[in-house]
Amino acid sequence: MERTLAEYENAGYAASQVVLGIPFYVRHSFETSPSVIDYKDFYLYPQSVGYNFNNWDENAMCPYVTYNGEFWGSYDNVVSIAAKGERYIGTNRARGLMYWDAGAHDIDYTLATACWQAVTKVYE
């Protein structure tokens, strides 16, 4: 994210022209073709058979999943959305957030609510 924002800044784009994208899916790939799993289906994966959801990538500011100790996929959640809002909207490096594939959302609109909270928060 930092490198991408730096490239936009170097190309002359103002922060008011930048909106960060939040996917509502898990991007997952093995050595075959990459695939995605909708957020609403994501937590159906059993943690008891080798999946570990308790990983955090500080650079990407997002959680990721390992399967039997190997990287399996990354995604956004409430914590990562709030962190990205704080880092990028709160420091005026981006105008806001947008998300895609609302049909991949859970029934409680968890991620959309987190996006709304990040965009409407008054940052100091």
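**Figure 1. Accessible surface of the protein chain in the predicted model.** The protein chain has an accessible surface of about 7700 Å². Carbon and sulfur atoms account for 51% of this surface. Of the 124 residues in the protein chain, 35% are buried. The C-alpha atoms fill a box of roughly 45 × 30 × 25 Å along the principal axes.

**Figure 2. Charges of the protein chain.** The protein chain carries 8 positive and 15 negative charges. The mean position of the positive charges lies 6 Å from that of the negative charges.

**Figure 3. Secondary structure and contacts of the protein chain.** There are 4 helices and 7 strands. Along the sequence they follow the pattern α-β-β-β-α-β-β-β-α-β-α. Of the contacts between residues at least 6 apart in sequence, 52% join residues at least 24 apart.

**Figure 4. The open sheet of 5 strands.** The strands are arranged in the order β3-β2-β6-β5-β4, and their pairing is antiparallel. The edges are formed by β3 (residues 35–38) and β4 (residues 51–57). Each of these has a single partner strand, so one side of each is left without a neighbour in the sheet. From one strand to the next, the twist averages 35 degrees.

**Figure 5. Pairing of β2 with β3.** Strand β2 covers residues 25–28 and pairs with β3 in the antiparallel sense. The pairing runs over 4 bridges. In this pair, Val26 stands opposite Ile37 of β3. In general, strands of a sheet pair through backbone hydrogen bonds, in either the parallel or the antiparallel sense.

Technical notes: Residues are numbered from 1 along each chain as its sequence is written. This is a predicted model: local features need pLDDT of at least 70, side-chain atom pairs count only at pLDDT 80 or more; totals for chains, interfaces and linings use all residues. Side-chain values use heavy atoms; hydrogens and water are left out. Two strands pair if DSSP finds at least two bridges between them. Helices (H or I, at least four residues) and strands (E, at least two) are DSSP runs, numbered from the N terminus. Axes are lines fitted to C-alpha atoms, for helices over the stretch in contact, and angles run from 0 to 180 degrees between N-to-C directions. Buried means under 20% relative accessible area, exposed over 50%, partly exposed in between (1.4 Å probe, protein chains only). Contact means heavy atoms within 4.5 Å. Accessible areas come from the Shrake-Rupley method with a 1.4 Å probe; for residues, only the protein chains shown count as cover. Lys and Arg count as positive and Asp and Glu as negative; His and the chain ends are not counted. The place of a charge is taken as NZ of Lys, CZ of Arg, CG of Asp or CD of Glu.
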